Amino acid sequence: ERIHLEEDTAKSFHVSGKTLVDFNKSGKPLIELVTTPCFRKVDDAVEFAKKLRALLRYINISDVDMEKGQLRIEPNISLRTSEMERRNELPEYKVEVKNINSFKFMEKAVLAEIKRQEEILVRGEIPTQENRGYNEATGETVPQRSKEEAHDYRYFPEPDIPPMVFSKDYIKNLKAKKTPLPEEEIDALVKKYGLSADVANALVYTLGKDMVDYFKSVVEAGVEAKKAANLIINKKEYQDFSMVEFIKGSRDDASTSTTNILEVVENVISKNPKAVSDYKNGKESALQFLIGMVVREVGGKVDIESVKKELEPLLK
């Protein structure tokens with residue numbers, strides 16, 4: 001819906017009845033991106049957050065390292081009846097869970113909050129509109145403060161920033177400098193280089209733009225595209241090779257035999273029933289997860305297409 005600029009605040013800690021305040025990050029500019037209330041499933045919301053992080057990394061806006069506080073997720077949750085959904089009517093309240101620092105905790109926090117709100121609604125009450133935090137130890141959300149309505153924020157013009165007007169030519173030049181976004185890059189890798197969607201996804205979302213550019217330069221130097229991609233993905237040492245080393249290595253490197261992959265594939269399937277169930281329910285990212293598990297089990301020395309060919313028949 002919108003992106004706006006904020007400044008980070010100080011962080012408070014409550015210790016032994018005293019409040020300590022850490023000002024180290026206060027005043028640091030940050031981007032807040034706000035979506036419309038468009039997610040109905042927890043998995044979709046988590047997937048959106050992951051894709052957003054990948055996008056920010058790919059176009060080099062930020063490292064978005066969640067452990068370093070470079071990305072935080074703050075889901076707003078409310079529940080409505082089937083009748084309200086048919087009328088496209090939103091609930092009169094929403095609860096925001098603040099400062100979540102991992103996708104795993106995001107999923108757990110949203111599910112915990114859904115359960116809490118459901119219990120309140122079943123009692124005939126309406127959940128309080130408020131900000132809450134997620135307690136990782138208890139697996140529950142905890143109240144922090146009441147949540148304002150949009151009109152309570154009292155927006156006003158920043159006096160130190162004058163109104164800014166940009167010409168059409170300026171905007172046109174900016175657009176001309178835009179590099180392909182991740183999904184556009186994946187589409188190009190499939191169409192131009194003949195890569196499978198799985199391999200293209202691994203190059204773009206797992207390895208990032210630098211490796212995509214490296215792959216293209218290797219192919220331009222004469223290495224067959226599918227072979228180049230598989231070497232970059234499956235053999236990490238190739239990611240640091242010079243062009244000469246890569247070309248020489250690609251000539252000497254025999255393709256890994258896939259005759260023993262089936263046993264590993266069957267083992268991965270038996271150990272990951274949730275991912276198998278997710279795939280059968282239409283979640284394509286579950287297939288990527290299972291492929292990744294097989295690749296990890298065999299130490300990366302395997303052709304992704306071979307893994308996929310072994311996996312898919314067993315998942316039907």
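Is F39 buried or partly exposed? Select it and see: this is a predicted model, and in it F39 comes out partly exposed, with a relative accessible area of 35%. You'll find F39 in the loop between β4 and α1 (42-58).

Now widen the selection to I3, L5, I31, L33, F39 and F48, which together make a nonpolar surface patch of about 600 Å². Colour the strands as well: β1 (2-7) and β4 (29-34) each supply at least two residues of that patch.

Next, the charged pairs. The structure holds 23 salt bridges, so here are a few stops, with 4 Å as the cut-off between nitrogen and carboxyl oxygen.

- Pick E113 and R116 in helix α3 (residues 103-122); they sit three residues apart, about one turn of the helix. Their side chains meet in a salt bridge at 2.6 Å, N to O, and both residues are buried.
- Move on to E130 and R132, whose side chains also meet in a salt bridge (2.6 Å, N to O). E130 is buried at 11% relative accessible area, and R132 is buried at 7%.
- Then try R123 with E125: the closest N and O atoms of this salt bridge are 3.4 Å apart. R123 is exposed at 54% relative accessibility, while E125 is partly exposed at 40%.
- For a network of salt bridges, select E83, R86, R87 and E89.

Last stop: D187, in helix α5 (residues 182-193). D187 counts as partly exposed, at 38% relative accessibility.

Note on methods. Residues numbered from 1 in each chain as written. Predicted model: local features only at pLDDT ≥ 70, side-chain atom pairs only at ≥ 80, totals over all residues. Heavy atoms only, no water. Patch = residues over 30% accessible without salt bridge, like charges linked within 9 Å, V, L, I, M, F, W, Y side chains within 5 Å. Areas by Shrake-Rupley, 256 points an atom, 1.4 Å probe, with all protein chains shown as cover. Helix = DSSP H or I, 4+ residues; strand = E, 2+ residues; numbered from the N terminus. Buried < 20%, exposed > 50% of the residue type's maximum accessible area, 1.4 Å probe, protein only.
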